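Please look through the sequence and the structure below.

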Amino acid sequence: MASRIPREWFGIQQFPAVTQSKLHELLGKLKEENVSTLTILLMGKGGVGKSSTLNSIMGERLAPVSAFQSEGLRPIMCSRMRAGFTLNIIDTPGLVEGGYVSEQALEVIKRFLLNKTIDVLLYVDRLDAYRVDSLDIQVIKAITDTFGKRIWQRTLVVLTHAQLSPPDGLNYDDFFARRSEALIKCIRLGACIKKQEFEKSAIPVVLVENSGRCRTNDNGEKILPDGTAWIPNLVEVITVVISNGSKPITVDQKLIEGPNADERGKFFIPLILAFQYFFVVKVIQKAIKQDIAKESKPLWELRDMGVANRKF
Ligand code: GDP
Ligand code: MG
């Protein structure tokens, strides 16, 4: 898929030995299942930690991270190779601009993804955001319109800023459960998926802490408040999702243009023609006939019709 041979994944050596061996084990399992390339797509609003998550997984600072500036408009794909396995991570610009879903950002992302195959989508948001609103639903809708509902079978929700103290004295697990529930509901609504259908393929929610101040365990691994080493955990959940029997998403022209773009609306053509015939053509014909009937005819025409003599 990538035009150049990817560079060696040296970033993996930045991780503690335990993390490295867990990652090698997971990559080994994927190779056993004949998966030798994994392409991860990161999407979400701006400033939620997409680029930071890419850098954390790769173990290198590859994508620009910024607290204040809006992100660059172009997506980037970072590719690394390890023992015959290629890992591609695609970082995208935030989907929201000035309070709306940015059509421009979406267009740029679509063009960038053309002819690429997405194995998994990481829908990124922050754990420490307390509300979801209609804008979140619009973002989900935009992603669904772009890739089809099927993308949600290949998705993990990633919540960054996992090292937080919940507000209002809430317990961490309760806070995480409520935040996850709100986002999952938002996905169901934005993607217009029926509740029963949605529950069958539960979307996993995974916690991430990209900060340099993330706590570590005795092995030096970055851990979540419950002690889970989050990098191998994230990669493990990704491997579970790509093995759930659903197909990867191949982004082709047809997908980008929407389902049966040529066919769309064909069903209505006979109805529109019938409507035009009865309510436009017929009405105009009738009006013309009435006009002709009412028209005062010139004398010579009446004479030719043999009416003039009788009248005058
Ligand atoms: P993007 O716009 O979604 O790509 O977000 P960035 O990765 O550029 O991150 C935006 C800001 O949030 C930067 O200042 C990051 O350092 C910070 N950030 C990202 N992820 C985390 C996280 O998990 N924890 C903390 N504390 N800060 C984060
Ligand atoms: Mg970014």
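## Helix 1 beside helix 7

In this predicted model, the axes of helix 1 (residues 17-32) and helix 7 come within 9 Å. They cross at roughly 10°. Angles under 35 degrees count as roughly parallel, so helix 1 is roughly parallel to helix 7.

Which residues of helix 1 meet helix 7? They are Thr19, Lys22, Leu23, Leu26 and Leu30. On the side of helix 7, the partners are Ile231, Pro232, Val235, Glu236, Thr239 and Ile242. The residues of this contact divide into seven nonpolar, two polar and two charged. An α-helix has 3.6 residues a turn, so residues three or four places apart point the same way.

## The chain as a whole

The protein chain has 312 residues, and 41% of them count as buried. The chain holds 11 helices and 11 strands. Take the contacts between residues at least 6 apart in sequence: 73% of these join residues at least 24 apart.

## Helix 2, enclosed

Is helix 2 (residues 50-58) largely enclosed or open? Nine of its nine residues are buried, so helix 2 is largely enclosed by the rest of the structure. The buried residues are Lys50, Ser51, Ser52, Thr53, Leu54, Asn55, Ser56, Ile57 and Met58. They pack against several elements. Four of the strands are strand 2 (37-44), strand 3 (76-82), strand 4 (85-91) and strand 8. Strand 9 and helix 7 (230-242) are also packed against the buried residues of helix 2.

Lysine 50 belongs to helix 2. Its relative accessible area is 1%, so lysine 50 is buried. Alanine 63 is 13 residues from lysine 50 along the chain, and their C-alpha atoms are separated by 9.1 Å.

## Two aromatic pairs

A pair of aromatic rings is described by the distance of the centres and the angle of the planes. How many aromatic pairs are there? The count comes to two. One is formed by tyrosine 123 and tryptophan 152. Their centres are 6.3 Å apart, with 75° between the planes, and the pair is edge-to-face. The two residues are 29 residues apart, and the pair links distant parts of the chain. Tyrosine 123 is in strand 8 (residues 120-126). Tryptophan 152 is in the loop between helix 4 (134-147) and strand 9 (155-160). Both tyrosine 123 and tryptophan 152 are buried.

The other pair joins tyrosine 130 and phenylalanine 175. Why is this pair edge-to-face? The ring centres lie 5.7 Å apart and the planes stand at 80°, and planes over 60 degrees apart count as edge-to-face. This pair also links distant parts of the chain, 45 residues apart. Tyrosine 130 sits in the loop between strand 8 and helix 4. Phenylalanine 175 sits in helix 5 (residues 172-190). Tyrosine 130 has 53% relative accessibility, so tyrosine 130 counts as exposed. Phenylalanine 175 has a relative accessible area of 8%, so phenylalanine 175 is buried.

Where does the charged end of lysine 116 sit? It sits over the ring of phenylalanine 112, 4.4 Å from the ring centre.

Phenylalanine 112 is also in contact with arginine 74. Leaving aside neighbours within four places in sequence, arginine 74 touches Pro93, Val108 and Phe112. Arginine 74 lies in the loop between helix 2 and strand 3. At 58% relative accessibility, arginine 74 counts as exposed. Arginine 74 and aspartate 91 are 17 residues apart in sequence, yet 8.8 Å apart in space, C-alpha to C-alpha.

## Two asparagines with positive phi

Asparagine 34 is found in the loop between helix 1 and strand 2. Its phi is near 65°, a positive value in a residue other than glycine. With a relative accessible area of 72%, asparagine 34 is exposed.

Asparagine 115 lies in the loop between helix 3 (103-113) and strand 7 (117-118). The phi of asparagine 115 is near 70°, again positive in a residue other than glycine. Is asparagine 115 buried or exposed? Its relative accessibility is 60%, so asparagine 115 counts as exposed.

How values were computed:
Residues numbered from 1 in each chain as written. Chains lettered and ligands numbered in written order. Predicted model: local features only at pLDDT ≥ 70, side-chain atom pairs only at ≥ 80, totals over all residues. Heavy atoms only, no water. Phe/Tyr/Trp six-rings, centres within 6.5 Å; stacked < 30°, edge-to-face > 60°. Buried < 20%, exposed > 50% of the residue type's maximum accessible area, 1.4 Å probe, protein only. Lys NZ or Arg CZ within 6 Å of the ring centre and 35° of its normal. Contact = heavy atoms within 4.5 Å. Axes fitted to C-alpha atoms, helices over the stretch in contact; angles between N-to-C directions. Parallel < 35°, antiparallel > 145°, perpendicular 65-115°, else oblique. Nonpolar A, V, L, I, M, F, W, Y, C, P; charged D, E, K, R; others polar.
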